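Let's take a friendly walk through the ligand sites of this model. Have the sequence and the 3D view open as you read.

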Amino acid sequence: MKLEGVELRRVALPLVSPFRTSFGVEQDRDVLLVRAVTDGAEGWGECVAAAEPRYSSEYADGAADVLRRFLVPAVAGAGDLDPEAPGAAMAFVKGHRMAKAALELAVLDAWLRARDEPLAGHLGATRDRVPAGVSVGIMGSVAELLDAVAGYLGQGYLRIKLKIEPGWDLEPVAAVRERFGDEVLLQVDANAAYTVADAGHLAGLDRFGLLLIEQPLAEDDLAGHAELAGRLATPVCLDESITSAKVAVDAVALGACRIVNVKAGRVGGYLEARRLHDACRERGVPLWCGGMLETGIGRAANVALAALPGFTLPGDTSASDRYYRQDLTPPFVLRDGHLEVPPGPGIGVEPVPEILEELTTSAEWIPA
Ligand code: OSB
Ligand code: MG
């Protein structure tokens, strides 16, 4: 299979409500989509980099630049493509994992469609639906938070994740436990907002029986996470720190985390995510699939990944209407607390042409 060219397309989607985390507020997504055109079929990838580099160093304009200048030419020059070829051809570029993941997925989607093979089966999925959790942003008041959580539980979400930061941690968690009880699967995500000096304060979360605390400290602070983990009963899970399968294995060996949030974009692609899965499953480390407010394109691939057997906890794989009034693809819906893995070839979904046109802000064709 040969690459004929790649389209980089920017799409603007307003979120149904502002999403506030410890690193900022998102009102809408400025999505970079990658469409790979090959002599066999076309494929889609979504770059999870946000418009601004607040979660990680990557951002959408930077991803488009590195794709245009380095990654697309490298893959175009690789000749006959199989699923591993794009990763090998892009390996000389340091970092830029979210940009690499998007192009690798677009080529992989095309390759799978040409073979009429679903992504989930290719990755080794063992289920046809996945349990869905929901990530709940920081709110203006506890009353507002309780209303939001009540709404999500009413819809059937199987696990609640509360975003926390200094000044919004023990009180909202206590309020959610008090109102909804101890049976609700509950976890928190700090997005690196604390330091080891906060260990005593964070130990105050231990009495709430949380599944985990996600990324309490800075991305590069594995030693700090190991120290903190020794002082908390709540299991530490890492998100931002986990940039490859190797880092995941090292983080677990160091005692920096007991659970891993898997985001394919953050580790450089779905194939590296599968390697991470295999290594963690071998070591008995529980996994769950994170999210980056993806449209239906990225969501389809995440749901395929989350169907692998090592994903033993519900993920941030929520239904389309948790994010967008109008998704780019036919919407993912919550059924009995689960999302179905698309059964079609490749990622199993495509953008609806009229919706894609309406929401596109720019498009650029890069011939191979
Ligand atoms: O830290 O997991 C995170 C969204 C954007 C960037 C980082 C994170 C998140 C979420 C939402 O928590 C996950 C989702 O529902 O897509
Ligand atoms: Mg997180």
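## Around ligand 1

A residue counts as near a molecule if one of its heavy atoms lies within 4 Å of it. Keep in mind that you are looking at a predicted model. With that cut-off, 16 residues are found around ligand 1, and those that come nearest are S135, K163, N191, L293 and Y323.

Y323 places a polar side-chain atom 2.6 Å from an oxygen atom of ligand 1. For N191, an N or O atom of the side chain is 2.7 Å from a ligand 1 oxygen, and for D189 the corresponding distance to an oxygen atom of ligand 1 is 3.0 Å. Taken alone, ligand 1 exposes 390 Å², and the protein buries 99% of that.

## The magnesium ion

Now turn to ligand 2, the magnesium ion, which is coordinated by D189 (OD), E214 (OE) and D239 (OD) at 2.1 to 2.3 Å. Along the sequence, these donor residues follow the spacing D-x24-E-x24-D. D189 belongs to strand 7 (residues 186-189) and E214 to strand 8 (residues 213-214), so this pair ties together parts that lie 25 residues apart in sequence.

Are D189 and E214 buried or exposed? Both are buried.

## A residue with two partners

Terms used:
Residues are numbered from 1 along each chain as its sequence is written. Chains are lettered from A and ligands numbered from 1 in the order in which they are written. This is a predicted model: local features need pLDDT of at least 70, side-chain atom pairs count only at pLDDT 80 or more; totals for chains, interfaces and linings use all residues. Side-chain values use heavy atoms; hydrogens and water are left out. Donors are N, O and S atoms within 2.8 Å of the metal (3.2 Å for Na, K and Ca); water is not among the atoms, so sites may look incomplete. Helices (H or I, at least four residues) and strands (E, at least two) are DSSP runs, numbered from the N terminus. Buried means under 20% relative accessible area, exposed over 50%, partly exposed in between (1.4 Å probe, protein chains only). A polar contact is a pair of N or O atoms within 3.5 Å; within protein, one must be able to donate a hydrogen and the other to accept it, and residues adjacent in sequence count only if both atoms are side-chain atoms. Accessible areas come from the Shrake-Rupley method with a 1.4 Å probe; for residues, only the protein chains shown count as cover.
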